[in-house]
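Try each task before reading its solution.

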2 protein chains.
Amino acid sequence: MKHEGRPVILITNDDGITAPGIRNLVDAVKDLGEVIVVAPDSPQSGMGHAITIGEPLRLHKSNVFDGIDSWECSGTPVDCVKLARDKILHRKPDLCLSGINHGANHSINIIYSGTMSAAMEAAIEGIPSVGFSLLDFSYDADFSIAGHVARTIAAQMLQTAMPAHTLLNVNIPKVYGEEFRGIRICRQAYAKWQEEFDHRVDPRGKDYYWMTGKFMNMDEREDTDVQALQNGFASVVPVKFDFTDERMKQNLQQQWAHITNH
Amino acid sequence: MKHEGRPVILITNDDGITAPGIRNLVDAVKDLGEVIVVAPDSPQSGMGHAITIGEPLRLHKSNVFDGIDSWECSGTPVDCVKLARDKILHRKPDLCLSGINHGANHSINIIYSGTMSAAMEAAIEGIPSVGFSLLDFSYDADFSIAGHVARTIAAQMLQTAMPAHTLLNVNIPKVYGEEFRGIRICRQAYAKWQEEFDHRVDPRGKDYYWMTGKFMNMDEREDTDVQALQNGFASVVPVKFDFTDERMKQNLQQQWAHITNH
């Protein structure tokens, strides 16, 4: 691998190394630095921040991308980031990009997202990191605006020294041409999934369920990612991995004084 | 199921319904309300906030606990919470308790934790929720102090009306008798896992890796969970599921004005 002073960009995803989303991400940023791809060998959606601890991990050289060093891994997106750093690069990359995910990871979806978990893992390691998601599930989605957004943000992050633990959750709306209104810095909306379990009975008479669900935005603030996306903007949410609720910490230190020992 | 005005307490875990940790949790709190258990039928550790979307879910009545309604589920801890609410209780429980996990979920471990993901799912749904973890991996660990802590906190939460989205990450040190110093409200420590992949070659000559790792606390602040645990306290970290980094949001709105559209 040659580095020659160019920034090293690690790319991963959770839809698997052959997904169109990661191909579009590689194409969008490959001239910004030395790109290396380490991605799951099969789709990992809905894996959250999973790591593989009970099974051995496999790592194979891949030829999916012309002229780009790439590897496929039997594990999760988080495994990919860990293996890339320790077993392939033997150093921290300058930037980690994850995606482009086929489907939304805005608002509360961040916590279920393999795309964002890979980016979060990198940020914990001190690698400025971004997860990209396009609000279009279809395999042949149009990634042109998403690629443009990814390139703009990656270039900006390489130009200005970002804090080591920078982690951005970027979502791109499903819009075309002039319907796209630009990029907006946002907060995570409070939303949830209203589950609707599809109850069925198998040929042996036993119950089973398919999980489906309806997305419900409960947040009417104007600066949320959901609002921005609804108005045709790509949303950028800066994310922390310190989940401490400072206000409740202070409240409980007072209210629970009788059951605590400080 | 009888409720009779008593609080309904949903209990789940990620080590599986037969783990000693969940049995100890049930025993510790069963007289505080109407307890119902919905837990995975097999261990789910390291699953992070995974949900099961590509496979059908199974749910079976279990007889693991005498006199306690219990169900085992083929899915993840998050699936258990979703199914319990929608298909078993048909209402929100008053409190959700997850654990007692066999092993630590303090500091950064929260993001890999199935125990905490179940609690987080409940809190998103508006159910006050706690995840409990004992810093002892062994199957026959002594849960007596952990059970005492769980009971104290659960009773306190039922006595005082907690905000609907309350989510607590509780870790109990591996100490005995008077070494236990009490309960302390803390913040999440910044720590990470230094990976050490154990590289091996299989009988066919192909490489594989086992993930191992060394825990490294990078945080010297005095009010962290890691500090409390090292000093013999049980740590209670109030957790948010809004991950927005407010300070960086404000910074980027200024610094990235040339590439954003507000």
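**Exercise 1. Find the bridge partner of Cys96(A) in strand 6 of chain A, and say how strands 5 and 6 of chain A are joined.**

Step 1. Looking across to strand 6 of chain A, we find Ser129(A) as the bridge partner of Cys96(A). Strands here are DSSP runs of E with at least two residues, helices are runs of H or I with at least four, and both are numbered from the N terminus.

Step 2. Strand 5 (residues 95-102) and strand 6 (residues 129-134) of chain A run parallel and are joined by five bridges. Two strands count as paired if DSSP finds at least two bridges between them.

Before going on, a note on the source: this is a predicted model, in which local features need pLDDT of at least 70 and side-chain atom pairs count only at pLDDT 80 or more, while totals for chains, interfaces and linings use all residues. Residues are numbered from 1 along each chain as its sequence is written, and chains are lettered from A and ligands numbered from 1 in the order in which they are written.

**Exercise 2. Work out the strand order of the open sheet in chain A and name the strands at its edges.**

Step 1. The order is 3-4-2-1-5-6-7-11-8, giving an open sheet of nine strands with mixed pairing.

Step 2. Strand 3 (59-62) and strand 8 of chain A each have a single partner strand, so they stand at the edges with one side lacking a neighbour in the sheet.

Step 3. On average, neighbouring strands of this sheet are turned by 20° against each other, direction ignored. For such angles, axes are lines fitted to C-alpha atoms, for helices over the stretch in contact, and values run from 0 to 180 degrees between N-to-C directions.

**Exercise 3. Describe where helix 1 of chain A lies and which of its residues are buried.**

Step 1. Helix 1 (residues 20-29) of chain A lies across strand 1 (8-12), strand 2 (34-40), strand 5 and strand 6 of chain A, at about 140° to strand 5 of chain A.

Step 2. Seven of the ten residues of helix 1 of chain A are buried, so the helix is mostly covered. A residue is buried if 20 or more other C-beta atoms lie within 10 Å of its own, exposed if 12 or fewer, and partly exposed in between, with C-beta atoms placed from the backbone.

Step 3. The buried residues are Gly21(A), Ile22(A), Asn24(A), Leu25(A), Val26(A), Ala28(A) and Val29(A). They pack against strands 1, 2, 5 and 6 and helix 4 of chain A.

**Exercise 4. Which residues have the most contacts inside the largest nonpolar core?**

Step 1. Leu97(A), Ala150(A), Leu97(B) and Ala150(B) do, in a core of 150 residues. A nonpolar core is a set of buried Ala, Val, Leu, Ile, Met, Phe, Trp, Tyr and Cys residues joined through C-beta atoms within 7 Å.

Step 2. Leaving aside neighbours within four places in sequence, the contacts of Leu97(A) include Leu25(A), Val29(A), Phe132(A) and Ala150(A). Contact means that the C-beta atoms of two residues, placed from the backbone, lie within 7 Å.

**Exercise 5. Follow strand 7 of chain B: buried or exposed?**

Step 1. Six of the six residues of strand 7 (residues 167-172) of chain B are buried.

Step 2. Leu167(B), Asn169(B) and Asn171(B) point one way, and Leu168(B), Val170(B) and Ile172(B) point the other way.

Step 3. Strand 7 pairs with strand 6 (residues 129-134) of chain B in the parallel sense over six bridges, with Phe132(B) opposite Val170(B).

**Exercise 6. Classify Gln194(B) as buried or exposed and list its contacts.**

Step 1. Gln194(B) lies in strand 9 (residues 191-201) of chain B.

Step 2. With 11 other C-beta atoms within 10 Å, Gln194(B) is exposed.

Step 3. Beyond neighbours within four places in sequence, Gln194(B) is in contact with Gly213(B), Lys214(B) and Met216(B).

**Exercise 7. Relate the two chains and describe their contact.**

Step 1. Chain A is superposed on chain B by a rotation of 180° with 0.0 Å of shift along its axis (RMSD 0.0 Å). The copies are therefore related as by a two-fold rotation axis.

Step 2. On the side of chain A that touches chain B, the largest share, five residues, comes from strand 10 of chain A.

Key. Least-squares fit on C-alpha atoms with pLDDT ≥ 70 in both.
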